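Subject: Structure handover

Hello,

Here is the structure I promised to pass on. Please open it first, then read my notes below.

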Amino acid sequence: MDFDLSEELKQYGKKVREFSLKEFSNKVASIYDIQEQYPDELRIKALKEGIIDFSNPWKTMIGIEEMCRVDPGLGISVTVPFFGAEVLMLHGSDHLKEKYLGKVAAGEKIMGLGVTEPGGGSDVAGLKTVARKEGNKYVVNGSKMFITNGTIADFFVMLVRTAHPDDPAKRHRGLSVLVVERNFKGFDSNKLTGKLGVRATNTAELILNNVEVPAENLVGDEGKGFYYIMEFFNISRIFVAAQSIGIAQGVLDRTTDFLKNLEKNGDYVGEERKFKLAEMATRVEASRLLMYKAASFLFNYNPNPTLTSMAKGYASETASFAAETAMEITGQTGLNSEIERFFRDSKIMEIWEGTSEVEKIVISRMILKGDKNE
Ligand SMILES: Cc1cc2nc3c(=O)[nH]c(=O)nc-3n(C[C@H](O)[C@H](O)[C@H](O)COP(=O)(O)OP(=O)(O)OC[C@H]3O[C@@H](n4cnc5c(N)ncnc54)[C@H](O)[C@@H]3O)c2cc1C
């Protein structure tokens, strides 16, 4: 058993870290945070400099962690234009992949994933947006809520109900995935402002009013959308674990510097603060090991949803724990530093891609079914 990363991955992580330290300074990050602006120029720069490399999932995971370690809002913003791409990669026709994915990879387009609705996000099978088939098109009506890239994405991989809404037998099997373009008639979006954290990311409500979507924009088979999205979450949760570990490591770095400075100046540190630091560091390490284990199954084409949900659930709770502990250790210094922004940014980790409760539902269900994590 080897717990070390390959030399190639270490070098890649170093390159991403250097880029992030240079481009995501506290000053720059504060401006995007306060103005709630999406950092489009940083997205382009990161792509041009080869910082974003989606050809190797290990690189994606390590890159996300390194960027979020420097600034979560900017790190997530520059890596999220591909959000939902795996659904198209795994189930889209060659025509859809060529038409949509190539342009995202080239930096010419941004995409998004539309699942959550105003009525709630955890109960995915309860969604109400309806797509009615009419000849060679679907007519879509409904709305989506809290959609990342909502006012900047060119198109969305969207989960909709294609079966009759009153058919209980089709609650899960009545959902399908469509690619919906922003410029289709009847599509509208409203930016949501005033979020607690990750304020550089763009979040919006989407409104679909008789939007006509060509039938060829159906991804995979009709009625299998729910399963495609669950499969997607079993991939994307690894990347949320990486965001979370980046946040936790980021506050650990800053808290360590703070305590070292106190020691250097001969100021009071105290055993209790050192114990808290030790607990933060231990949880970060445990989260990372769990993520690596889940990733090693997933990236070797043998996904293990129990491990993936454990990795996402534990890492996201570690991010919140570490950020809160950092605030306690650093006191008033922390309140006026980057740690304050990390503290606000950490909370979303426990919400998107499945709340902590949802991860526990998945884990317990799999254990009770007899899954042994092998
Ligand atoms: C900044 C931001 C960006 C987002 N980006 C996207 C995006 O790009 N695309 C997208 O589709 N969605 C996105 N979301 C939505 C996100 O995935 C949902 O917020 C999340 O799934 C939770 O749904 P909800 O907020 O509606 O909470 P709810 O589902 O209403 O849950 C509320 C509370 O009840 C608990 N709960 C719900 N059901 C159960 C249950 N059965 N058992 C126990 N507890 C339960 C939850 O854990 C939670 O604590 C985003 C959200 C935010 C805040």
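Start with the largest cavity. Helix H2 (26–35), helix H5 (72–79) and helix H11 (338–346) each give at least two residues to its lining. Helices here are DSSP runs of H or I with at least four residues, strands are runs of E with at least two, and both are numbered from the N terminus. The space in this cavity comes to about 50 Å³.

Before going on, some ground rules. This is a predicted model, where local features need pLDDT of at least 70, side-chain atom pairs count only at pLDDT 80 or more, and totals for chains, interfaces and linings use all residues. Numbering runs from 1 along each chain as its sequence is written, and side-chain values use heavy atoms, without hydrogens and water.

**Cavities**

The whole structure holds two cavities of 30 Å³ or more. A cavity is a set of points, on a 1 Å grid over the protein atoms alone, where a 1.4 Å probe fits but cannot get out; lining residues have an atom within 4 Å of a point. Volume means the space filled by probe spheres set on the points, with points joined across faces, edges and corners.

Back to the largest cavity. Its lining includes Ala 29, Asp 33, Asp 71, Arg 199, Arg 341 and Asp 345. By class, the lining has four nonpolar, one polar and five charged residues. (Ala, Val, Leu, Ile, Met, Phe, Trp, Tyr, Cys and Pro count as nonpolar; Asp, Glu, Lys and Arg as charged; the others, Gly among them, as polar.) Domain 1 (7–81) and domain 2 (86–223) each supply at least three lining residues. The domain bounds come from an automatic or database domain assignment.

The second largest cavity has about 40 Å³. Helix H4 (residues 57–70) gives the largest share of its lining, five residues. Tyr 12, Phe 54, Lys 59 and Met 67 are among the lining residues. The classes here are six nonpolar, three polar and two charged.

**Ligand**

Where does the ligand lie? Domain 2 (86–223) and domain 3 (227–369) both give residues to its shell, so the ligand lies between them. The shell has 19 residues, and Thr 116, Gly 121, Ser 122, Thr 355 and Glu 357 come nearest. (A residue is near if one of its heavy atoms lies within 4 Å of the molecule.) Strand E3 supplies the largest share, three residues. Nine shell residues are nonpolar, eight polar and two charged.

Now the polar contacts, meaning pairs of N or O atoms within 3.5 Å. A side-chain N or O atom of Thr 355 sits 2.6 Å from a ligand oxygen. A backbone N or O atom of Phe 146 is 2.7 Å from a ligand nitrogen. A polar backbone atom of Val 115 is 2.9 Å from a ligand oxygen. On its own the ligand has 970 Å² of accessible area, and the protein covers 65% of that. These areas use the Shrake-Rupley method with a 1.4 Å probe.

**A pocket**

A pocket is an open set of points with protein on both sides within 12 Å along at least five of seven lines. The second largest pocket has about 220 Å³. Helix H9 (residues 271–298) gives four lining residues, the largest share. Met 1, Trp 58 and Tyr 292 are among the residues of this lining.

Best wishes

How values were computed. A polar contact is a pair of N or O atoms within 3.5 Å; within protein, one must be able to donate a hydrogen and the other to accept it, and residues adjacent in sequence count only if both atoms are side-chain atoms.
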